Amino acid sequence: MSQPAFSAPAPSPAPSSAPAEASGPVPPLGHRVPDLGALQLLLAVARLGSLGRAARELGITQPAASSRVRAMERQLGVALVDRSPRGSRLTDAGALVTDWAGRIVEAAEAFDAGAQALRDRRDSRLRVAASMTIAEYLLPGWLIALRTQRPDTAVSLLAGNSAAVAARLLAGEADLGFVEGLTVPGGLDGVVIAHDRLVVVTAPGHPWARRGKPLAAEELAATPLILREEGSGTRQVLDAALGGLARPLIELSSTTAVKASAVSGAGPSVLSELAVGEELAARRLVEIPLKDVRLRRELRAVWPTGHRPAGPGRDLLTLTRGGKGQGTA
């Protein structure tokens, strides 16, 4: 008779030295560590020996202080304060947590001081880049108002055409910019702060000043004009509105130079109404009515994408929205 077969029992698995994996995701540190207010309360209880006095020092009610201590104890899973009619005493665990809390609060105070130093450095200067019309006719009033609000802020102004303003912002050479073009330049965010009207002007002796009917857009487009350089907001708006321009009679890099040339009788020009109000009132220039075209543009504040102005830049932006010009947005 054959013997029954026996099988050896399977060996037990060797114990593993690796720690057991957590049963679930670890909560974020902010959920596991009490907030600064709670830690400051615990420090005050340790120093004053009374939850009521600690609450008064921190400007909260005693029930609120008690509730905060209980919440901290639940969060940490240990008792921190023994309460009695004679006062409040830290438990052994509370004394240890208080020691840790002191280091955390001290580090937070150093963090706060450093952040304030960064804000002070930021607020000590403001670099503004602006296209010519805004720089010459709008910004002076805004900067005077900003000086009243922030007398300790040093402001520098860099004037150029709209393309140059965008380039300075993207290169980190300016904190806030102002442009006059058709759209917000690439890489920048912006907001419309005002609207402006462009006007055709000539000296009183020019033949256009004596014409009896409005000037057609086609004739304006075909006429050599005294113009700002390429890249200027005025040139962009005019070119887009007319579908192209004749070769300039004279090309100049500032609104003031263009205006002076027009006043001298060198030829017609197109300028911001902001720039020629005084000359039109004094009849040193004459506005030529246009037919079938409106030369209006938006004036914008701009800044690098995702970096909305803060500190003095934010204050200046607020002042511009208060509005000068032909109508605020």
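Which residue in β13 is the bridge partner of valine 179? The partner is arginine 300. The structure is a predicted model, in which local features need pLDDT of at least 70 and side-chain atom pairs count only at pLDDT 80 or more, while totals for chains, interfaces and linings use all residues. Residues are numbered from 1 along each chain as its sequence is written, and side-chain values use heavy atoms, with hydrogens and water left out.

**Overall composition**

- The chain has 13 helices and 13 strands, where helices (H or I, at least four residues) and strands (E, at least two) are DSSP runs numbered from the N terminus.
- Of the 329 residues in the chain, 38% are buried; buried means under 20% relative accessible area, exposed over 50%, and partly exposed in between (1.4 Å probe, protein chains only).
- Among contacts between residues at least 6 apart in sequence, 71% join residues at least 24 apart, a contact being heavy atoms within 4.5 Å.

**Pairing of strand β13**

- Strand β13 (residues 296-304) pairs with strand β5 (residues 176-179) in the antiparallel sense over three bridges; two strands pair if DSSP finds at least two bridges between them.
- Strand β6 (residues 188-202) also pairs with β13 in the antiparallel sense, over nine bridges.
- Tryptophan 303 in β13 is the bridge partner of aspartate 189.

**Packing of helices α11 and α12**

- Two packed helices are described by the angle between their axes and the distance between the axes.
- For helix α11 (residues 255-263) and helix α12 (residues 273-281), the angle is about 30 degrees and the axes are 11 Å apart; axes are lines fitted to C-alpha atoms over the stretch in contact, and angles run from 0 to 180 degrees between N-to-C directions.
- The two helices, α11 and α12, are therefore roughly parallel to each other, a term for angles under 35 degrees.
- Thr255, Lys259 and Val263 in α11 meet Ala275, Val276 and Glu279 in α12.
- The residues of this contact of α11 with α12 divide into three nonpolar, one polar and two charged; Ala, Val, Leu, Ile, Met, Phe, Trp, Tyr, Cys and Pro count as nonpolar, Asp, Glu, Lys and Arg as charged, and the others, Gly among them, as polar.

**Positive phi values in loops**

- Most residues other than glycine have a negative phi.
- Arginine 283 has a positive phi, near 65 degrees, and lies in the loop between α12 and β11 (286-288).
- Arginine 283 counts as exposed because its relative accessibility is 53%.
- Aspartate 292 has a positive phi near 65 degrees, and its place is in the loop between β12 (290-291) and β13.
- Aspartate 292, at 72% relative accessibility, counts as exposed.

Note on methods:
Parallel < 35°, antiparallel > 145°, perpendicular 65-115°, else oblique.
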